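These are my notebook entries on one protein model. I set down what I looked up, topic by topic.

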Amino acid sequence: MSDASQGLRLYNTLTRTKADFVPIDACNVRMYVCGPTVYDFAHIGNARPVIVFDVLFRLLRHLYGETHVTYVRNITDVDDKINARALRDFGGEISAGNLSLNEAIRRVTEKTADQFHRDVATLGCLEPTVEPRATEFVEPRADGKADMITLIQSLIKRGHAYVAAGEVLFDTESMPDYGQLSKRNLDEQQAGARIAVDAHKKNPGDFVLWKLSSPEEPGWQSPWGRGRPGWHIECSAMSAAYLGEVFDIHGGGLDLIFPHHENEIAQSRCAHGTSVMANVWMHNGFLQVEGQKMSKSLGNFYSIHELLETETFGGRNWPGEVLRLAMLMTHYREPIDFSVRKLEEAENTLRKWKRAADLAPAAVGQVPVEVVEALSDDLATYAAFQVLTQLAGDAADGNQAAAALKASLLFLGFDVASAEVDEDKVAKAIANRLALIAAKNWAEADRIRDELLSQGIQLKDGKDPVTGGRITTWEIKR
């Protein structure tokens, strides 16, 4: 094991093996993760990579030092739907020169981007080191950082791209080992899914780097005419801008392996003349909802915001840290079945851990080496959680196990602060529950009791010694 690996082993999709992670520069470990397209509110499938790579970010900071890790997660705001809405809502101001296209897009996406930031903060995720927006990297920049137009020019100059029918296309045959990540070769792509076979393409697998915009469509000026970039080129530009031509880790969902990540690799390697884009490629598994693929047509498509703030899933809203634990209870590379039962299990587990952590002294202890070792084995969160459960069983008032558990929860992104209770709100909830019991609405009464318990408030029912009627008291209890 190399000293620079710090004992960390990661599964690499590119090699299909798990190996020691050795950073290019231990003083600046560099990671890029594909972020959301902010056309609409982020859904729970988007939450999984955000949470998974937040845990990796925390682990890397622990192993190499907080100031020695650079984490870039982008915002995709180059999208035809977003562009069309910007033109629809602000076309007049753009034409009059009062507003740039980027400024119009920013106005369109402000609400969804802001909601994404609130959602992931509630899920316990740290902010990335840098969060670039795609629109800021289309044209050459004053600071000289990588941009999409310059990358495309480089690809044309190096013989890896060509202009045809108003588009700039990447020539997949110009790259002999294209398909390394997905293990697809060009022959298999002749009739491959998600590949549009157009007459102007040299090869069916060639993909768009730049496409022209009609007068009615938003666009940027370029050497090939007024247009807009293809989807894949944005991440090649933004990763190079902040992490360099070759960096340590690139992450994202399993669905991005092909074509997005495959095409990122092709663009970046061919533009820079490098043998790799990132040394390690990591992908989290798919997410289902109650045993079915999540889709709007099935009515099981949920945004993070809906789960946090509404009662559309399981008849109640869910705390962010419960969603976080439910996501992490399954190993990141495995498929996950997101269900009410899993959330209830996560909530009960978290409640037990927090009760034990509350026994710790005010000062937070050290994260146990067993927790770090578990996570260092390709983010084996389940093994880490077994350590937490053992610590909870051993915890006593002020002892080392309770302190270690508290430190571990904080390290993993869970809140260990004592809850502040709004007594008036609790009193109103109790009064409402008593009224529901009197009306024999047991299900709703139980829901209120369970919701209070999830907030650390335990109700106790008894009899008034004078009237014999039901009375309810409460106490704070994890």
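**Entry 1. A serine in a loop**

I note at the outset that the model is predicted. I began with Ser174, which I found in the loop between β6 (167-170) and β7 (207-212). Which side chain does Ser174 meet in a polar contact of 2.8 Å? I found that the partner is the side chain of His160. I also noted that a polar atom of the Ser174 side chain lies 2.6 Å from the backbone oxygen of Asp171. Setting aside residues up to four places away in sequence, I recorded that Ser174 touches Gly159 and His160.

**Entry 2. Domains**

I then looked up the domain assignment, which gives domain 1 (10-284), domain 2 (287-412) and domain 3 (423-476). For domain 1 and domain 2, I read a separation of 30 Å between their centres, taken over C-alpha atoms. I found 29 residues of domain 1 in contact with 35 residues of domain 2.

I turned next to the area of this interface. The size of an interface is often given as the accessible area lost when the parts come together. Domain 1 and domain 2 bury about 2800 Å² between them, and 71% of that area is on carbon and sulfur atoms. Which three residues supply 27% of the area that domain 1 buries against domain 2? I recorded Ile44, Arg48 and Leu123, which supply more than any other three residues.

**Entry 3. Polar pairs between domain 1 and domain 2**

I looked for charged pairs across this interface and found that the count is two salt bridges. I also noted a salt bridge between Arg324 and Asp54, whose closest N and O atoms are 2.6 Å apart. For polar contacts across the interface of domain 1 and domain 2, I recorded 12 residue pairs, both residues being at pLDDT 80 or more.

I then asked which elements make up the side of domain 1 that touches domain 2. I found that β1 (9-12), α1, α3 (101-122) and β10 (278-284) each supply at least two residues of that side. The largest share, 13 residues, comes from α1.

**Entry 4. Nonpolar cores**

I looked up the largest nonpolar core and found 84 residues in it, with Leu60 and Phe338 having the most contacts inside it. Helix α1 (residues 44-64) contributes the largest share of this core, 13 residues. I noted that the core draws at least three residues from each of domain 1 (10-284) and domain 2 (287-412).

I followed Leu60 further. Not counting residues up to four places away in sequence, Leu60 touches Leu8, Phe21, Val29, Met31, Gly65, Val69 and Ile249. I also recorded a second, separate core of 50 residues, which includes Ile82, Val130, Met148 and Cys235.

**Entry 5. A phenylalanine in α3**

I located Phe116 in helix α3. Is Phe116 buried or exposed? I recorded Phe116 as buried, because its relative accessible area is 2%, below the 20% cut-off. Leaving aside neighbours within four places in sequence, I found Phe116 in contact with Pro36, Ala42, Val50, Arg73, Ile75 and Glu131. Phe53 is 63 residues from Phe116 along the chain, and I read 16 Å between their C-alpha atoms.

**Entry 6. Salt bridges**

Side chains of opposite charge can pair when their charged atoms come close. I found 24 salt bridges in the structure. In one of them, the side chains of Lys211 and Asp80 meet at 3.4 Å, N to O. Lys211 lies in strand β7 and Asp80 in helix α2 (residues 80-95), so this pair ties together parts that are 131 residues apart in sequence. I noted both residues as partly exposed, Lys211 with a relative accessible area of 25% and Asp80 with 36%.

I then examined helix α14 (residues 442-454), where Glu444 and Arg447 are three residues apart and thus separated by about one helical turn. Their salt bridge has its closest N and O atoms 2.9 Å apart. I recorded Glu444 as partly exposed, at 30% relative accessibility.

In helix α14, Asp446 and Arg449 are also three residues apart, about one helical turn. Their side chains meet in a salt bridge of 3.4 Å, N to O. Asp446 counts as partly exposed at 31% relative accessibility, and Arg449 counts as partly exposed at 34%. Lastly, I noted one network, in which salt bridges that share partners join Glu311, Glu444, Arg447 and Glu451.

Key:
Residues numbered from 1 in each chain as written. Predicted model: local features only at pLDDT ≥ 70, side-chain atom pairs only at ≥ 80, totals over all residues. Heavy atoms only, no water. Core = buried A, V, L, I, M, F, W, Y, C linked by side-chain atoms within 4.5 Å. Buried < 20%, exposed > 50% of the residue type's maximum accessible area, 1.4 Å probe, protein only. Helix = DSSP H or I, 4+ residues; strand = E, 2+ residues; numbered from the N terminus. Domains from an automatic or database assignment. Contact = heavy atoms within 4.5 Å. Polar contact = N/O pair within 3.5 Å; in protein donor to acceptor, adjacent residues only side chain to side chain. Buried area = accessible area lost by both parts, 1.4 Å probe. Salt bridge = Lys/Arg side-chain N within 4 Å of Asp/Glu carboxyl O.
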